[in-house]
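Subject: Structure for you to look at

Hello,

Here is the structure I promised to hand over. Please open it first, then read my notes below.

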Amino acid sequence: MAPTSPARAEFLTRIDTGSTLADLPGYEAALEMSDRAKKAGDYFHAHREAPGLLLTEEGRFRAVLSRRYYHEIVGQYCGMDLYHPRPLRFMMERMEEHGGALTLPGDTPIELAVRQGLERPRALVYEPLAVNLANGGAPGKVRLIDFEDLLAADARVTLLRGEQMKQILATVREGLLLIDREQRIGLEYAGSAETILETRGLAGRALPEVLASCLDPERTQLAAEYLDLLFNPRVIESLIAKINPLLRVTGNFAGGRRKVLAFRFVRGFVGDAIRHVLVRIEDLTREDELARELEGHRRRGELHLELAVAAMQADPEAVVGLLDRLARQLRRTESILERPRAATPPAAFDPLLRDLHGAKGEAGFLGFAPLGREIHGLEGALAAYRDAEPEEEAARAEAREKIGSVDAILLATRSVLEQLARFGRTLPRESAEPRPAIGSSLETSIERWVSDLAAELGKPARFLWRLEGVELPERYAPLLRETLAQLVRNSLVHGIESAEVRRDRGKPAVATLQLAARPRPEADSIELIFQDDGAGLDLAALRAKAALLDLAAGSVMDSENELRRLIFRPGFSTADRTTLHAGRGVGLDLVRERIEAAGGRIAVHSEPGRYCAFQIRLPRQSVESRR
Amino acid sequence: MKLLVVDDSLVVRNAIARSGAAAQAITEVLRAEDGREAVELFAAHRPELVTMDLTMPNLDGLAAIDEIRSIEPEVSILVISALNSHRVALDAIRRGACGFLTKPFTESEIVEALEELVRHAPVRVA
């Protein structure tokens, strides 16, 4: 019956966030209901710290007599005289009006016990609790707990929880914060929220106001409206997550830096009401960069494969020659870009644009489509720079970027060629055959160029090679590659009709392009005829375009021959818009320029609806006949 | 529970109706191909659940939501539409839809969304 006298300060050091009632100091002192009430008075007098007494009947726990209740009863007029000589049962019978003692199992968490204790009637709030350690009310297993001890323990648990929460909030990588119905940020939030949003002191500020500093006004407004919906209990949270306008947003921060941010929201219910929304902010910038990098690697891998396939099929010397020429063109372009725009007259761009155009054609001809695409981009950027005023800086930057793109592919192509050279070019075309002569190398290239371009333009076409034993010399290879690249392109883009039109005109669906050659010993020259079975020259379109360009001198408009010759003029194109394959007005003028530079001539013949033929004559000295 | 599927595309209507019929709690599926028909069917049959397209002839989805909620404010409406703008989506929710499913959707997405809708649907005393 000796009471435990706990050292109250000491027990608090053992309390942690998982503590239960069993961890609190317990008072085991008990009296039988049949004992006289005076014994209780003696006990309370001797044990100033005891909050109450357990009352038993035949050793079984029946009730709690709190110190406060005892004093209330005996404090009444003549109370001590009335109650002290009588059994405790007599005193306890008057307790019914106060209700019985709160008895809880020993494994009740501290916070839950406090909540239950505080839910008692106001007069009983600070009464001691009975803790049943055996869940059965067996003697000796029930203890009294001082409610003040419980409150002290609860304060400790709250403090520890606060510290733990602060620890978590200080270390968590996500920016966690709570917002209330007014969208104001709560007092406690993760430090990383400040880091991610790059702003200090979030507590009490409205989230949209914070967002306004890094997001555009419209996005901020959408976010505010979305947050508003989250507080509407009718809305099903999981079913609106997809329209979260902050699911993935780009924020702008000091110094022009951009961050990819993701905001997720979780509603916090108290009963049926939404008390707050937990906001989780993630900085996905690095992940985003990695994803881009990965995509870049994948694209580069595909590019290398494409280049390798082209390199294996092309004549390596032709490719190296193209790359060298292209590299020189890029340096020429760079030196133009280094000067102020006004220092270069517009006409000075033309030779460079023509050379780039030639290189583009050759790249396509040799099967290096990616290179052709990038050169095409550079052509456009350079032409834009030529026409750019007064905003030449942007155009210059754009042109420089395109030079970089061409350079990158140029380097990639060189590295692919080097790798192939290292492996001895042992792949497909190589067999026991001797190295093919320039003629058959051209034949391979032109066939592939026709089929690639035909597929791309959706115009089925075949190519016939009719050199009739004429061997073309090595030194003319670059000229012929460049020329044929342009002629094939010109023919497929402008000449050959779509399959439907061909069917309507009673022509075979598959178009035919052919190159025929014959030596002309008597004229000291060789003749090449490039012919297609397309629509022929559109004289009406030529006339219209000529009128538009103010070339309407009478002789030009009247003579079909003169009209036909227009197609060799620089800057002349009947295409309405520029595509990868047409519209720059560079092409046939390039062909003429190259052929004339080699001492040759070119003429065009055409019959509307039936064919178009280019007749090329080259000086004999440069062409040898084996027969 | 009864489900009213509103969409002007027969294919989409059938896909949603099929998923709806598979859900245990849904005992009857009604179909409407525009907002006008949706309001009429709703008034006649009082379904607890509605899936609503937004862009439709005669009466568009937003207007149909208004009319249906004026008949029965507690109805659970799920908007199923291509997310062309956040503005329209937020408008639809503000007018009383409970959720938004974006087109195109997979079968499992629609089944899950309908189950969510069933779970949150207010119990109606007959």
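Two residues count as in contact here if their C-beta atoms, placed from the backbone, lie within 7 Å. Keep in mind that this is a predicted model.

By that rule, the contact between the chains takes 13 residues from chain A and 18 residues from chain B. The side of chain A that touches chain B has 9 nonpolar, 1 polar and 3 charged residues.

Chain B

Chain B has 5 helices and 5 strands. Along the sequence they follow the pattern β-α-β-α-β-α-β-α-β-α. Of the 126 residues in chain B, 40% are buried. Take the contacts in chain B between residues at least 6 apart in sequence: 60% of them join residues at least 24 apart.

Start with strand 1 of chain B, residues 2-6. This strand is mostly covered, with 4 of its 5 residues buried. Strand 1 of chain B pairs with strand 2 (residues 28-32) of chain B in the parallel sense, over 5 bridges. There, B:Leu4 stands opposite B:Leu30. Between these two strands the chain passes through helix 1 (residues 10-22) of chain B, and the β-α-β crossover is right-handed.

Strand 1 of chain B also pairs with strand 3 (residues 49-52) of chain B, again in the parallel sense, over 4 bridges. In that pairing, B:Val6 has B:Met52 as its bridge partner.

Helix 13 of chain A

Helix 13 of chain A covers residues 349-365. How far apart are its end C-alpha atoms? They are 24 Å apart, which agrees with the 24 Å that 17 residues should span at 1.5 Å a residue. The helix is mostly covered: 12 of its 17 residues are buried. The buried ones include A:Leu353, A:Leu356, A:Ala359, A:Ala363 and A:Phe365. Charged side chains are on the buried list too, among them A:Arg354, A:Lys360 and A:Glu362. Just after the helix, A:Gly367 takes a positive phi of about 90°.

Nonpolar cores

The largest nonpolar core has 70 residues. Within this core, A:Leu366, A:Val450 and A:Val488 touch the most other members. Helix 15 (residues 392-422) of chain A gives the most to this core, with 8 residues. Leaving out residues up to four places away in sequence, A:Val488 touches A:Ile446, A:Trp449, A:Val450, A:Leu453 and A:Leu513. Another core, of 66 residues, lies apart from the largest one. A:Ile179, A:Leu261, B:Ile68 and B:Leu114 are among its members.

Backbone points to check

Most residues other than glycine have a negative phi, and most peptide bonds are trans.

- A:Cys78 has a positive phi of about 60°. A:Cys78 is in the loop between helix 3 (67-74) and helix 4 (79-83) of chain A. Buried or exposed? A:Cys78 counts as exposed, because it has 8 C-beta neighbours inside 10 Å and the limit for exposed is 12 or fewer.
- B:Asn58 also has a positive phi, near 65°. B:Asn58 is in the loop between strand 3 and helix 3 (61-71) of chain B. With 14 C-beta neighbours inside 10 Å, B:Asn58 counts as partly exposed.
- The peptide bond from B:Lys103 to B:Pro104 is cis, with omega near -5°. B:Pro104 is in the loop between strand 5 (99-103) and helix 5 (107-120) of chain B.

Best wishes

How values were computed:
Residues are numbered from 1 along each chain as its sequence is written. Chains are lettered from A and ligands numbered from 1 in the order in which they are written. This is a predicted model: local features need pLDDT of at least 70, side-chain atom pairs count only at pLDDT 80 or more; totals for chains, interfaces and linings use all residues. The expected span of a helix is 1.5 Å times one less than its number of residues. A residue is buried if 20 or more other C-beta atoms lie within 10 Å of its own, exposed if 12 or fewer, and partly exposed in between; C-beta atoms are placed from the backbone. Two strands pair if DSSP finds at least two bridges between them. A crossover is right-handed if, with the strands pointing away from the viewer, the path from the first strand over the helix to the second runs clockwise. A nonpolar core is a set of buried Ala, Val, Leu, Ile, Met, Phe, Trp, Tyr and Cys residues joined through C-beta atoms within 7 Å.
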